[in-house]
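Dear colleague,

Please find the structure below, handed over for your study.

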Amino acid sequence: DTINLERITKFAIPDFLPRDPNARGIMFLDEFNNASGAVMNVCQQLIQERRIGEYHLPKGIVVVAAGNPSSQNAYSNELSMPMKNRFCHVFVTTNADIWTSHFMKQGHSEAVQSLILGFVNQNVEHLEDTESMNNNMFNFATPRQWCKFADVLEDIINEPEDVIATYAASFFGSNMGQMFATYKTRADSFQNPMEIIEGKPFTCGHDMVAFYYTLYSVITKLQQWHEQNQGKKDPKVAAKIKQGASN
């Protein structure tokens, strides 16, 4: 540009930055503590003064950043004290109940959903293997890995135990992989969930492994009946779901 006969350079605004002064939303800076020092220096102005050079963030935009803590062996940079002081900090932890609700919305088959939810909820440490994570192992269980493994399990669920163990180990390590494969083999002999829905008592006694598998088999069957009946609104099916849940 030319101003007062003097040639100057003006920097263009990136197209992803909101230019509407009435815009509302979140600017999400993911993996923030992996950024280089130069990028963080720019972000300090963005976060504190809500601008970069001549560009100003609209008042309705909130800046949120996320990153993995270095305690999880994440390759991250320590935030400077001034940068830390520009944020309020929320530490997110794994919650098995919330993850279970999320997983049940992913549309997996009855067999896969029952197996994974039964295995994880009998011992919630199966959901996130912090010991292997802290030991910097290649394969370890996390909520994300269970969701990815569920997709694979859909294709291999009828394979022999050793095949299941091999695939599971590639996600969670050899110990938990074999545990899951053994569990899957045992599940074939557990009580049919239809017996519970029809009013018969649990037959697993003090076997908590069998109890959790049967419990989540019942929950899964009732959930999928409900979803299939949503469009039809069949009162007979609705009554069956209600009676099964009651039992």
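How close do the axes of helix 3 and helix 4 come, and at what angle do they cross? The two axes come within 11 Å and cross at roughly 175 degrees. Axes here are lines fitted to C-alpha atoms, for helices over the stretch in contact, and angles run from 0 to 180 degrees between N-to-C directions. Angles under 35 degrees count as roughly parallel, over 145 as roughly antiparallel, 65 to 115 as roughly perpendicular and the rest as oblique; helix 3 and helix 4 are therefore roughly antiparallel to each other. Helix 3 contributes A96, W99, T100 and F103 to the contact, and helix 4 contributes Q113, I116, L117, V120 and N121. Contact means heavy atoms within 4.5 Å. By class, six of these residues are nonpolar, three are polar and none is charged. In this scheme Ala, Val, Leu, Ile, Met, Phe, Trp, Tyr, Cys and Pro count as nonpolar, Asp, Glu, Lys and Arg as charged, and the others, Gly among them, as polar.

Please note that the model is predicted: local features need pLDDT of at least 70 and side-chain atom pairs count only at pLDDT 80 or more, whereas totals for chains, interfaces and linings use all residues. Residues are numbered from 1 along each chain as its sequence is written, and side-chain values use heavy atoms, with hydrogens and water left out.

The protein has eleven helices and six strands. These are DSSP runs numbered from the N terminus (helices: H or I, at least four residues; strands: E, at least two). Of its 247 residues, 36% are buried. Buried means under 20% relative accessible area, exposed over 50%, and partly exposed in between (1.4 Å probe, protein chains only).

The largest nonpolar core has 34 residues, and W99, I116, W146, F149, L153 and F180 have the most contacts inside it. At least two residues of this core come from each of helix 3 (96-103), helix 4 (110-122), helix 6 (143-156), helix 7 (161-172), helix 8 (174-187) and helix 10 (208-229). A nonpolar core is a set of buried Ala, Val, Leu, Ile, Met, Phe, Trp, Tyr and Cys residues joined through side-chain atoms within 4.5 Å. Leaving aside neighbours within four places in sequence, L153 is in contact with V112, L115, I116, I164 and F180. A second, separate core of 17 residues includes L17, M27, L29 and F32.

Two histidines lie in loops. H108 is in the loop between helix 3 and helix 4 and is buried, with a relative accessible area of 8%. The side chain of H108 makes a polar contact with the side chain of E154 (3.3 Å). A polar contact is a pair of N or O atoms within 3.5 Å; within protein, one must be able to donate a hydrogen and the other to accept it, and residues adjacent in sequence count only if both atoms are side-chain atoms. H126 lies in the loop between helix 4 and helix 5 (130-134) and counts as buried at 8% relative accessibility.

Finally, most residues other than glycine have a negative phi. L5 is not a glycine, yet has a positive phi of about 70 degrees; L5 counts as exposed at 84% relative accessibility. E31 has a positive phi near 50 degrees and is partly exposed at 35% relative accessibility.

Yours sincerely
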